[in-house]
Amino acid sequence: MDYVSTRGGMPPAPFSDILLAGLAPDGGLVVPAEVPRIADRLEGWRGLDYAELAARVIGCYADDLPEDDLAALCAAAYDPAGFADEAIVPIRRLDDEISLVGLSEGPTLAFKDMAMQFLGQVLEYALARRGGTLNILGATSGDTGSAAEYALRGKHGVGVFMLSPQGRMSPFQRAQMYSLTDANIHNIAVAGDFDACQHLVKTITGDAAFKREHAIGAVNSINFARVCAQTVYYVWAWLRATDAVPAAERAGFRVSFAVPSGNFGNIFSGFLARRMGVPIHRLVLATNENNVLDEFFRTGVYRPRAGEQTLATSSPSMDISRASNLERFVFEVLGRDPERLREAWAGLERDGVLDLSAEQPRFAAEFGIVSGTSTHADRVETIRRTHEESGVIVDPHTADGLTVARRLPEPGIPMLVLETAKPAKFPGIVAEAIGEPAPLPTELQELLDAPQHVVEVADDAEAIREIIARDAVR
Ligand SMILES: *Cc1c(COP(=O)(O)O)cnc(C)c1O
């Protein structure tokens, strides 16, 4: 399998070469040259456990890794010992139409673990094979950073330098990250907000000599290895949703997915699964009040907003107004034509708007994507109602997905809502909805009580350069 850039300016490269890549060298996003088809193989995969299935699905993309090695990496990434549920991704039925796909059983209780756990394994493996090292420099407002740290803790050849805004994370997020004691994990609390942290990362990675000297890299949501690891649970969920369907009716038995969305990473993986031939009817994209993506899918006009126009909501991991993975979808809409993509993006940068309204009818008809917006009041009502009707407590992001899914029912087609986080992480809104916070698992209580390790620094790139120069893995 070769990988190319959406903007056409990258020589075809194999999976192992794009593993560490953020943006393609021409500023585009890395995509597979063609999408593998798996419709004929699905039935043969029915008896596999999650790790075995992951090796098959990821193997379609990582075809330059030896099969046995990939199987071992997936077995380590999706080891039941690291997940709260033995199934890794349990499916829980809420009512006749709707089920929850449990993506938050991993170490940080949120769906980013699903891809990061694989990435941690494959990074260590690739670095060992090449004899290199990598120092991950990132900024986090909470969730992404902790998923990266839990995936990379103790990994050989990898260091993690994670900037977080001092005093702006929840007690739970702080405890989750700062309680880690692994020698290769460096938590750095910056006197500033999340934008300041991001700016520091840009400044430091913009210094090409420093970046090269300390082998600095990133593992953000545009990383294709993350995207392909996320396609696995769409295949898994379809298999589990059709286990009870008579064998003769399984092929082509369609289900829909509802996806709480921010950077368009998760739902793009679903889009890929659909392209690969998994019988997916609709992909229902749910946003919160930061509804740039809902607007795009309803009108065809994409109008990203500036950071200061992004609202702080009660589903904070979706507070995003510029969806970094959307370029991959637009590439498909424009017939995978890099020239048209470059023109579209030049226009977006010039005018701040991308107008694809002429193509909008295809978004649902051809690509299966429909969308909706959910507000704080919707989340509260959905958490309350779901708890009352089924006894299940959902987190606010999952509640956004459920809210929009319930607005767009399709008789006879099961709706699988992706559960992207555990409710215990969001005590405030859960208490508002049902009168008390979700019960705290004992491990979490212990985590909150554990000593914390974090270095506090000024909003100053030089201070961070010094820390990296001193502690980088080499
Ligand atoms: C990151 C995240 C999302 C959004 O996923 P994208 O891939 O950015 O669209 C939704 N819910 C939770 C809990 C998250 O952490």
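One definition before we start. Two strands pair if DSSP finds at least two bridges between them. Keep that in mind, and note that this is a predicted model.

Strand E10, residues 280-287, is joined to E13 by five bridges. The two strands run parallel. Which residue of E13 does Ala 286 stand opposite? Gly 372.

Stay with strand E13, residues 369-373. Are its residues buried or exposed? Five of the five are buried, so E13 is largely enclosed by the rest of the structure. Now look at directions. Ile 369, Ser 371 and Thr 373 point one way. Val 370 and Gly 372 point the other way. In a regular strand the side chains alternate between the two faces of the sheet.

Next, an open sheet. Five strands form it, in the order E8-E5-E6-E7-E15, and the pairing is parallel. What stands at the edges? Strand E8, 216-217, and strand E15, 455-457. Each has a single partner strand, so one side of each is left without a neighbour in the sheet.

Now go to E6 in that order. E6 pairs with strand E5, residues 134-139, in the parallel sense over six bridges.

How many residues of E6 are buried? Eight of the eight, residues 158-165, so this strand is largely enclosed by the rest of the structure. Val 158, Val 160, Met 162 and Ser 164 point one way. Gly 159, Phe 161, Leu 163 and Pro 165 point the other way.

Let's move to a helix. Met 276 is found in H11, residues 265-276. Its relative accessible area is 0%, and buried means under 20%, so Met 276 counts as buried.

Last stop, the surface. Asp 193, Asp 195, Glu 308, Asp 459, Asp 460 and Glu 466 form a negative patch. Take Glu 466, placed in helix H20, residues 461-471. Glu 466 has a relative accessible area of 53%. Exposed means over 50%, so Glu 466 is exposed.

Notes
Residues numbered from 1 in each chain as written. Predicted model: local features only at pLDDT ≥ 70, side-chain atom pairs only at ≥ 80, totals over all residues. Heavy atoms only, no water. Patch = residues over 30% accessible without salt bridge, like charges linked within 9 Å, V, L, I, M, F, W, Y side chains within 5 Å. Areas by Shrake-Rupley, 256 points an atom, 1.4 Å probe, with all protein chains shown as cover. Salt bridge = Lys/Arg side-chain N within 4 Å of Asp/Glu carboxyl O. Lys, Arg positive; Asp, Glu negative; His and termini not counted. Charge placed at Lys NZ, Arg CZ, Asp CG, Glu CD. Helix = DSSP H or I, 4+ residues; strand = E, 2+ residues; numbered from the N terminus. Buried < 20%, exposed > 50% of the residue type's maximum accessible area, 1.4 Å probe, protein only.
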